[in-house]
Amino acid sequence: RSGAIWAILLGTPCTGWTPARTTGTASPPSSRCVNFTVRILDLCYRMGVHVVLENPARSRLFQHRGIARALRRLGAAHLVFDMCAFGTAWKKPTAIATTLPSAERLARRCPCAGAPHVVLQGKVRLPGQRSEWRAAYAAAYPPELCRALAGLLGECAPPRAWRRAREAPLDPCWGRRLASAAGTEHRSDWRYAELAAVGGAARCD
């Protein structure tokens with residue numbers, strides 16, 4: 001409402017909405033997460049904030065009545081891409097609904113010309129680590145996709161979105177919120193990368 005946020009990317013947890021499993025146990029769709037997503041979409045409509053909602057292509061989330069209604073009101077475009085087109089070893093067809101201009105540039109399909117993909121089923125163990133569900137490793141966005149999304153955001157960013165010369169990379173307000181989410185104390189001299197490391201946040205590069 002203050003105008004500090006002009007675009008939002010939502011990756012609503014897909015557990016219960018798709019056939020893939022990251023825990024080995026079936027979980028019912030979380031109405032709490034869905035209701036939160038609907039509230040954010042409605043707020044973005046009222047505030048004129050750009051939206052990106054991502055889920056696996058086979059997810060039933062986009063068919064949820066509240067989600068579908070909110071996306072229609074936003075005039076969001078729906079497109080599908082394959083993660084292997086952004087450099088992964090797995091295909092993982094993925095869908096997004098977005099209001100970003102020129103988002104169709106993300107709609108890249110599999111370029112692998114019949115080459116086999118990693119199948120996201122079962123567990124795998126990496127050296128020195130415990131076994132994990134393959135689908136869990138595929139949850140993070142690949143760097144190439146992150147750069148493509150950043151490019152689209154940069155093209156439609158308002159003047160206030162750009163950092164001025166000698167301006168702090170992270171507004172102190174967000175530093176305090178990130179520190180709270182990471183369960184640690186905020187320090188004014190912390191950089192985001194350090195805070196993300198404390199909180200265990202995934203970084204794309």
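1. A residue is called buried when its relative accessible area is under 20%, exposed when it is over 50%, and partly exposed in between, using a 1.4 Å probe and protein chains only. By that rule Ser102 is partly exposed, because its relative accessible area is 30%. This is a predicted model, in which local features need pLDDT of at least 70 and side-chain atom pairs count only at pLDDT 80 or more, while totals for chains, interfaces and linings use all residues. Residues are numbered from 1 along each chain as its sequence is written, and side-chain values use heavy atoms, with hydrogens and water left out.

2. Ser102 sits in the loop between β4 and β5 (123-124), where helices (H or I, at least four residues) and strands (E, at least two) are DSSP runs numbered from the N terminus. Its phi is near 60 degrees, a positive value in a residue other than glycine. Although Ser102 and Leu152 are 50 residues apart along the chain, their C-alpha atoms are separated by 7.2 Å. Leaving out residues up to four places away in sequence, Ser102 touches Leu152 and Glu155, contact meaning heavy atoms within 4.5 Å.

3. Ala113 is also placed in the loop between β4 and β5, and this residue, which is not a glycine, has a positive phi of about 50 degrees. Ala113 counts as exposed because its relative accessible area is 77%. As background, most residues other than glycine have a negative phi.

4. A polar atom of the Thr94 side chain lies 2.9 Å from the backbone oxygen of Lys92. Not counting residues up to four places away in sequence, Thr94 touches Glu54, Asn55, Pro56, Ala57, Leu79, Val80, Phe81 and Met83.

5. Asn55, one of the residues that Thr94 touches, belongs to strand β2 (residues 50-56). Asn55 is buried because its relative accessible area is 1%. Its side chain makes a polar contact of 2.7 Å with the side chain of Ser59; a polar contact is a pair of N or O atoms within 3.5 Å, where within protein one must be able to donate a hydrogen and the other to accept it, and residues adjacent in sequence count only if both atoms are side-chain atoms.

6. A nonpolar core is a set of buried Ala, Val, Leu, Ile, Met, Phe, Trp, Tyr and Cys residues joined through side-chain atoms within 4.5 Å. The largest one has 19 residues, of which Leu79, Phe81, Phe86, Ile96, Leu100, Leu106 and Leu145 touch the most other members. The elements giving two or more residues to this core are β3 (77-82) and α4 (143-156), and α4 gives the most, with 5 residues. A second, separate core of 17 residues includes Ile40, Leu53, Leu61 and Ala70.

7. Helices α1 (residues 31-47) and α2 (residues 65-74) pack at an angle of about 15 degrees, with their axes 9 Å apart; axes are lines fitted to C-alpha atoms, for helices over the stretch in contact, and angles run from 0 to 180 degrees between N-to-C directions. That makes α1 roughly parallel to α2, a description used for angles under 35 degrees. Among the residues that meet are Val34 and Leu41 in α1, and Ile67 and Ala70 in α2.

Methods:
Parallel < 35°, antiparallel > 145°, perpendicular 65-115°, else oblique.
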